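Hello,

Here is the structure I promised to pass on. Have a look at it first, and then read my notes below.

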Amino acid sequence: MTELPADEIFERHADLCQVLCNAKRQKMLYVLKDGERTVTGLAETTDIPQPTVSQHLRKMRDKGVVTKRTEGNRSYYTIRDDRLVEASMKIREVLFDTLEEEQTLGLEA
């Protein structure tokens, strides 16, 4: 019989998935995989308004997805654990494969 982890792990897993299940946050995570960025840098790269970027970064920081480093009046954000990027990339690979299969079969999503 399979022994289940403590319920707290499943709750934390769900909380983490909830913060990651946002397209804008996924876009920001994709950019952050290449290294730390400022809010302004993320806003420019992703074409997401700066106040929106700040709000999403706060949520991501609260859940331990990103860390913040302050230097003078600038804040730099980086991914706390690269395995989160790896997990997102694996999901994206599945999506690309599914899209390719649908296109091959002439199906529309």
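**What I found**

The largest cavity has a volume of about 30 Å³. A cavity here is a set of points on a 1 Å grid over the protein atoms alone where a 1.4 Å probe fits but cannot get out; the points are joined across faces, edges and corners, and the volume is the space filled by probe spheres set on them. By this rule there is 1 cavity of 30 Å³ or more.

Before going on, please note that this is a predicted model, in which local features need pLDDT of at least 70 and side-chain atom pairs count only at pLDDT 80 or more, while totals for chains, interfaces and linings use all residues. Residues are numbered from 1 along each chain as its sequence is written, and side-chain values use heavy atoms, with hydrogens and water left out.

Which residues line the largest cavity? They are Leu-29, Tyr-30, Lys-33, Val-85, Ser-88, Met-89 and Arg-92, each with an atom within 4 Å of a grid point. Helix H2 (23–32) and helix H5 (82–105) each give two or more residues to this lining, and H5 has the largest share, with 4 residues. Helices (H or I, at least four residues) and strands (E, at least two) are DSSP runs, numbered from the N terminus.

Leu-84, Val-85, Ser-88 and Arg-92 of H5 are buried, meaning under 20% relative accessible area with a 1.4 Å probe and protein chains only. The buried residues of H5 pack against helix H1 (7–20), H2 and strand S3 (74–79). After H5 comes Gly-106, with a positive phi near 75°.

Leu-20 lies in helix H1 and counts as buried because its relative accessibility is 15%. Leaving out residues up to four places away in sequence, Leu-20 touches Gln-26, Leu-29, Val-65 and Leu-84, where contact means heavy atoms within 4.5 Å.

Finally, the largest nonpolar core has 19 residues, and Val-53, Leu-57 and Val-65 have the most contacts inside it. Such a core is a set of buried Ala, Val, Leu, Ile, Met, Phe, Trp, Tyr and Cys residues joined through side-chain atoms within 4.5 Å. H2 gives the most to this core, with 4 residues.

Best wishes

Conventions:
1 Å grid on protein atoms, 1.4 Å probe; cavity = no way out; pocket = protein on both sides within 12 Å on 5 of 7 lines; lining within 4 Å. Buried < 20%, exposed > 50% of the residue type's maximum accessible area, 1.4 Å probe, protein only.
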